[in-house]
Amino acid sequence: MRRKVIAGNWKMHNDLKQSEDLIKSLKELLKDKSVNCDVIVCPPFTSLSEASKLVNGSIIKLGAQNMHFEDKGAFTGEVSASMLKSVGCEYVILGHSERRTIFDESDETINKKIKKALEQGLKPIFCIGETLEEREKEITKDVVMRQVEKGLEGISSEQMKKLIVAYEPVWAIGTGKTATPQQAQEVHEFIRGLISSKYGSDIAEDLVIQYGGSVKPDNASELLSQKDIDGALVGGACLKADLFMGIITNA
Ligand code: PGA
C-alpha cells in the first residue's frame, strides 16, 4: 500500500522570517492531528537551515528545490547535494518545469542530478510533464516517456525505491487550470506502466507518483482518490498554512 506524500514547493517565496512563520503556523495546524500522509516542505536555500531546526521533532520533512550535480568546485551560485544534507534536507526537487524551461535544464542534466542526489542519500522528487502545445499535439505520452527514459538512465532498482515521481502538466502549473482527475490518472497509469516495464511490477507498485499543477484544497480530494495518484506537489497553495493543511487533510 502506497502512502500519500504531500510536498510544498515554495519556489522563490519567503525570506527567513516569513519562512519561520509559515513553518510555525503549519506545525500549529498539524499539532494533535492524526495525519495519514507524509508532509514535505521545500523552502528556498536561504531558509533551509532554520527550517530544519523548526521541523525537527514534527512530522514535517525537509526538501530543497534544486542542486548541482558536481560535488564541489568552481560553480558560482550552485549548491551541492552534500551541502543540502548538511542542513537537514532529506528530499530534493529535480527537473521541475521551471528549471527545464527558464534555466534550460536538459534531460541529461537532470539525470546527472538524480544520480548525484541518490549517491549522496537524498531522495529526488523527479518532475516530468508536457506543455500545452505538446498536449494539443497529442504527444503527452511520448514526452513523458522521453523524460522518464532519459531522466532515469542508469538508475538501479534499489535506487528507484528512494525516488518520487511528480507528474506536472506544465499548462496546469500556476495557472489555476488543473488536469481533470481522469486526465491525470491516465498519465499516472502510463508512467507506472513505464516503470513496470523497466523495473518490474513490484517497484512500479511501490513508486509514489505525485500530481502537481494548481492543486488546492477543493480539488485535492478528487485527484488524490484516483488509483495511481499518490500525493501532490503543491506550489501556490502551499504558501498559506491553512490551504496546505486543507490539502493534507484531503490526503
Ligand atoms: P502550482 O505549482 O501548485 O502553483 O500550480 C505546482 C508546482 O510548480 O510544483
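These legends describe close-up views of a predicted model.

**View 1. Helix α9 along its length.** Helix α9 covers residues 181-199, 19 residues in total. From first C-alpha to last, α9 reaches 26 Å. That is close to the 27 Å expected at 1.5 Å a residue. Just after α9 comes G200, with a positive phi of about 95 degrees.

**View 2. Buried residues of α9.** The buried positions in this helix are P181, A184, Q185, V187, H188, I191, R192, L194, I195 and Y199.

**View 3. S97 in helix α4.** S97 belongs to helix α4, residues 97-102. S97 counts as buried because its relative accessibility is 11%, under the 20% cut-off. Leaving aside residues up to four places away in sequence, S97 touches I102, V170 and I173.

**View 4. G8 in strand β1.** G8 sits in strand β1, which runs over residues 4-9. Its relative accessibility is 0%, so G8 counts as buried. Which residues does G8 touch, not counting those up to four places away in sequence? They are I40, V41, C42, V234, C238 and F244.

**View 5. The G8 and I40 pair.** G8 and I40 are 32 residues apart along the chain. Their C-alpha atoms are separated by 6.2 Å. I40 is also one of the residues that G8 touches.

Methods:
Residues are numbered from 1 along each chain as its sequence is written. This is a predicted model: local features need pLDDT of at least 70, side-chain atom pairs count only at pLDDT 80 or more; totals for chains, interfaces and linings use all residues. Side-chain values use heavy atoms; hydrogens and water are left out. Helices (H or I, at least four residues) and strands (E, at least two) are DSSP runs, numbered from the N terminus. The expected span of a helix is 1.5 Å times one less than its number of residues. Buried means under 20% relative accessible area, exposed over 50%, partly exposed in between (1.4 Å probe, protein chains only). Contact means heavy atoms within 4.5 Å.
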